[in-house]
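Biologist: I am new to this structure and would be grateful for a guided reading of it. May we begin by looking at it together?

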Amino acid sequence: MEDAIRFEHVTVRYGVQTALDDFTIGIHEGEFLTIIGRSGCGKTTALRLINGLRTPDEGHVYVKGRDIADSDLISLRRSIGYAIQDVGLFPHMTVKDNVAYVPSLSGMWNKSEKDEKVRPLLEMVGLDPELMKRYPDELSGGQKQRVGIARALAAGPEILLMDEPFGAVDEITRRSLQSEIKQLQKRLHITIVFVTHDIHEAMLLGDRMLVMDSGKVLQLDRPETVREKPAAPFVKELLSRVGTET
Amino acid sequence: MEFLQKVIHIYIERWPWFLELIGEQLRISLISVFLAASIGLVIGVLIAEYPRFREPVMAVCNVFYTIPAIALIGLLIPLIGIGEKNAIAAIVLYGIMPMVRNTCTGITGINAGTIDAATGLGSTRWQILLRIRLPLASGVILAGLRNVVVMSIATGSIAAFVGGGGLGEAIYRGITMYNPAMTFAGGFMLVVLALTCDFILGLIEKSIKKKWRIS
């Protein structure tokens, strides 16, 4: 299987702190990869390298076979969906304008097309299209997350980056969002890189899961394999939480 | 009571002159507010985008803001002489500070997640500024503009002392002719003008904040 994203010997430092240390992995096309680890283990840094929000101090990151150091970062970011924990919806824009943000930046949609293009996107993420004219402060936490996902998918990206996207919603909404994102990924056949601190979520969603510690790869494998053969004591420790978390 | 009757009498008798003074006052204020707001906005945006210049620029603006208005007008006389230009220059130098400070505070105070999302979704720096930062900072920027407008009317009243015209002339004439009713009439008109401008700008600020859902 071809790699949609590839990290080769990537090292990232924040001052004296090493966030990623000789990090080398490949993420397959159409794969749902979950990344899990302690806070500060480098999982968000790894994600931010993919869309060029952070540049490596050493090594290379390839997206669709092209080194992002040689890519136009603006075009690259527009071709990659991005959803973050506190959603980052623009509070002064309606749901419609938030969802249409990326296509309107690149002139993909004109004003008159917005309604008809946004409607199916909202339906796809399980939202009533009537919410289109609402502002983010008029939505629930779960609705905001769904709008964030619709916005990330609006330009039809082949890669979607999600940084603890369901971290701020209640448990019931979280379960429902997890199941919906998994279905969406299968339907759209896109590559999703999903950062989480919840081992249950990482195992449930990931085709493969990456366990990280101190900027290094501890294990990268299918959830069943990680469960059966944990490669390090920290992985075992993480797995011990499965079943204790609801 | 007798004093108030004198004031009303002055207004009735000399209303064309007061209208002329109000016109001059508004003209001086509008020109200086436009200049101070434009320059302050640009500088505010620049120091928000380039933080290393923030401290020195704010320090210079602070110096102008700290000099008493009458002293600033006096200091400008050797450079640009007396009259309207002097008054406008003084108000502009004064007005830049609140605009720079509020623009910079408004822009840098935006939620980091919002800017991160805009960047991660592929916005250029310019698009982030125009589509995200300035609309979201507009509430704070407008508060700065209100400050500049009220201040321009107050400082503009001193312009009369250097022949700059405006309602300060009524106050000045009242003092030199020992006519307290005239001084009061000019001062009261200035207060009404400042409060009216502040009220109108308050309404505009409220409607923009409502439109863009900003607090």
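**A buried proline and its surroundings**

Biologist: Why does Pro56(A) count as buried?

Modeller: In this predicted model, a residue is called buried if 20 or more other C-beta atoms, placed from the backbone, lie within 10 Å of its own, exposed if 12 or fewer, and partly exposed in between. Pro56(A) is buried because the number of other C-beta atoms within 10 Å is 20.

Biologist: What conventions and pLDDT limits apply?

Modeller: Residues are numbered from 1 along each chain as its sequence is written, while chains are lettered from A and ligands numbered from 1 in the order in which they are written. As the model is predicted, totals for chains, interfaces and linings use all residues, whereas local features need pLDDT of at least 70 and side-chain atom pairs count only at pLDDT 80 or more.

Biologist: In which loop is Pro56(A) found, and with which residues is it in contact?

Modeller: Helices (H or I, at least four residues) and strands (E, at least two) are DSSP runs numbered from the N terminus, and Pro56(A) is in the loop between helix H1 (43–50) and E4 of chain A. Contact requires C-beta atoms, placed from the backbone, within 7 Å. Leaving aside neighbours within four places in sequence, the contacts of Pro56(A) are Val10(A), Thr11(A), Val12(A), Leu49(A) and Val61(A).

**The sheet of chain A**

Biologist: Which residue in the turn between E4(A) and E5(A) has a positive phi?

Modeller: Two bridges join E4 (residues 58–63) of chain A to E5(A) in the antiparallel sense; Tyr62(A) is partnered by Asp67(A) and Val63(A) by Arg66(A). These strands form a hairpin with two residues between them, and the residue with a positive phi of about 50 degrees is Lys64(A).

**Helices of chain B**

Biologist: Which residues are exposed on the other side of H4(B)?

Modeller: Ala69(B), Leu72(B) and Ile73(B) are buried in H4(B). They lie on the same side of H4(B) because they cover an arc, taken from the directions from the helix axis to the C-beta atoms, of only 95 degrees. Their cover includes H5 (84–108) and H7 of chain B. On the other side of H4(B), the exposed residues are Ala71(B), Ile77(B) and Pro78(B).

Biologist: Which helix supplies the largest share of the side of chain B that touches chain A?

Modeller: Each chain gives 17 residues to the contact. On the side of chain B, H6 (112–120) and H7 (125–156) each supply at least two residues. The largest share, six residues, comes from H6(B).

Conventions
Contact = placed C-beta atoms within 7 Å. Pairing = 2+ DSSP bridges.
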